[in-house]
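I am opening a notebook on this structure.

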Amino acid sequence: MTIFLQLLTSGIVVGMVYALAALGFVLIYKASRVINMAQGYFLALGAFGALAIAQATHLPFVLAVVASLLGSLVLGGIVERLLLRPMIGEPVIGVIMVTIGLAAVLRGGILLAWGAGNFGFPQLLPEAPLTLGPLVVSPVHLGALGLSLAFLGVFAAFFKATTLGVAMRAVADDQQAAQALGVSVPRILAASWAIAAMVAAVAGVVVGSLNGLNADALSFIGLKVFPAVILGGLDSVPGAVVGGVAIGVLENMAGGYLDPLVGGGTKEVAPFVALVLVLMLRPYGLFGTVEIERV
Amino acid sequence: MRRLTFSDCGDYKTRYAQDAALFANDVGRLALGVLLIVWFLIVPAVAGPYLLTVANLTGIAVIGATGLNLLTGYTGQITMGHGAFMGVGAYAAAVLAARVHLPFWTAVPLAGLATAGVGAFFGIPSLRLKGLYLAIATLAAQFILEYAFLHWDWLTRGTSGYLVPPARLGVWSLRGERPFFWLIGASVVLITWLHLNLLRTRMGRAFVAIRDNDRAAASIGIHLFGYKLLAFFLSAFMVGVAGALYAYYTGVVVPGKFTLDLSIDYLAMGIVGGLGTVLGPFYGAAVITVIPEALRALSQALSAVFPDLAAALNALRDVVFGAVIVAFLIFQPEGLADRWRVVRAYFRLWPYTY
């Protein structure tokens, strides 16, 4: 039972990271029907950026993170303007490939700048684990959970209360109607990429403080996003959160209970098996819009 | 002997057979003949082992890219699992050769068939999914197959992989670059011939109809699911043959080769060459195979000036590779095949452009 609870809590913490990464992914998909294969590298860049800024400027680490998030915001906007805008109206495969090309460039850039080694963030929270009833939780995990929840809250408020957030929802809902009401669709698309890159950077910082920084490990989270968003529904923001947490818990459970039976690696593959099953049974996911084709 | 015709100053076709002919006039026929003679007789005589290696890797990539082109370029089903499908072909060939002791000439087609079966299985989601969703389903196929390569020890021997016995054709033992150059060249010709003729049949037309508008295709009596599965089957067969040849060519099969990166390489070949063209896979495979080789040569040439360059080669390859894809998508989305078509059309009427 304790093992179960332990797996559950660490699954939820990892799941919150997936939820953040998935949130940015869904944001882009909702606004522009583009799937972003470079999401994982936005994560990595956010985390490595924070590290680099902290090392180069000797700012307090929290400020370095904020600077890195702002940098991601700008980067996302630039990416949209330079790469995605020319692809409007191109076939799906072209749009996917442009994000894959971007991912390759970002990966190469990260490897050129930092190499493939492991790095760590400065320790902000005490290392001694806390005991909550039967559970043993490290403060870093709690901090990660808190940070993720805080950002999810901020984004919920952003979509509900700010003009830009409402405009983004309007564009996602119906581009033409939004345009007719005076919303600048290109601006909103750029904003959705900027925000997606920033959310990804938050997720990257959280993962960096949990597991340390490694370009491959960070970018792989960008692929774990797919099971999360398909489970939650590709165009549903609450779905991204629920799907992310569910996939995080699932992979931890699979790793904990199935690995001893089949000999390792289930943690990596279980989300994708779930992905295939969801696609077969309920392709629009838990909360996605059911698209009905009419001829 | 029939008189050769070199140019057609109008459209004088009177029968469908003429319209479906592979060559509109004798220029193409002659050019192809010359090209084949040069490729099979002169190139192996003059090229060194390094050039032959690059040519062999390109040839294998052409076969795989042709498979992808059939599925993605002609049938419009995006696949991100072709790297793993190639792995299935390589493993099937390795198992058939090392464990069942089948001869080379039966192991390769059987490996292709095994891959085709796996490909068709992972094509089943295309019953309900299309576009982005199908791409994500094939991405899942990639990871599930990679997991199988690494962890299904009984079949794949996990991380240790297989040593593939040398290929034998009758009395000849195929060793070294040159025999494989002819073998891979012949396979490329065979697969391209199959590809070309497939497109002229009812099946090929059905594929194109599904790509252009699946609902319209269904309404004129094309069984969507059947043809999509068939496209997955044939496409996986081709990439499986590429994998089997790769297994024999390199002599070892280990899991690390057939990753998502390989799938992405194949997609990039499709984009760079031009999806939905027969010659596209040739251009695409050549460009994507030559990029890392060219970078390596460049880094060696510059090693005196920048000694760190060799260490950064992989990272540099990623940057160049990504930049090439993005540049093609933005400036030349129809690929090199389209550029070649434009150049040819220009010189066709040159110098009397109007």
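**Entry 1: a helix pair in chain A.** I am working with a predicted model. I looked up helix α9 (residues 215-232) of chain A and helix α10 (residues 237-257) of chain A. Their axes lie 7 Å apart, and the helices pack at an angle of about 125 degrees. α9(A) and α10(A) are therefore oblique to each other. I noted a right-handed crossing where α9(A) passes α10(A).

Next I listed who meets whom. α9(A) brings K224(A), P227(A), A228(A), L231(A) and G232(A). α10(A) brings G239(A), G243(A), G244(A), A246(A), I247(A) and E251(A). I sorted this contact of α9(A) with α10(A) by class and got five nonpolar, four polar and two charged residues.

**Entry 2: chain A against chain B.** I found 48 residues of chain A in contact with 39 residues of chain B. The two chains, A and B, bury about 3700 Å² between them, with 80% of it on carbon and sulfur atoms. How many salt bridges does the rule find across the interface of chain A and chain B? It finds two. I also looked up the salt bridge of R107(A) with D318(B). Its closest N and O atoms are 3.0 Å apart.

**Entry 3: a helix pair in chain B.** I turned to helix α13 (residues 280-301) of chain B and helix α14 (residues 313-331) of chain B. Their axes come within 10 Å and cross at roughly 135 degrees. That makes α13(B) oblique to α14(B). α13(B) passes α14(B) in a right-handed crossing. Among the contact residues I noted I288(B) and R296(B) of α13(B), and R317(B) and F321(B) of α14(B). The contact of α13(B) with α14(B) has nine nonpolar residues, one polar and two charged.

Technical notes. Residues numbered from 1 in each chain as written. Chains lettered and ligands numbered in written order. Predicted model: local features only at pLDDT ≥ 70, side-chain atom pairs only at ≥ 80, totals over all residues. Heavy atoms only, no water. Axes fitted to C-alpha atoms, helices over the stretch in contact; angles between N-to-C directions. Helix = DSSP H or I, 4+ residues; strand = E, 2+ residues; numbered from the N terminus. Parallel < 35°, antiparallel > 145°, perpendicular 65-115°, else oblique. Left-handed = near helix turned anticlockwise from the far one by under 90°. Contact = heavy atoms within 4.5 Å. Nonpolar A, V, L, I, M, F, W, Y, C, P; charged D, E, K, R; others polar. Buried area = accessible area lost by both parts, 1.4 Å probe. Salt bridge = Lys/Arg side-chain N within 4 Å of Asp/Glu carboxyl O.
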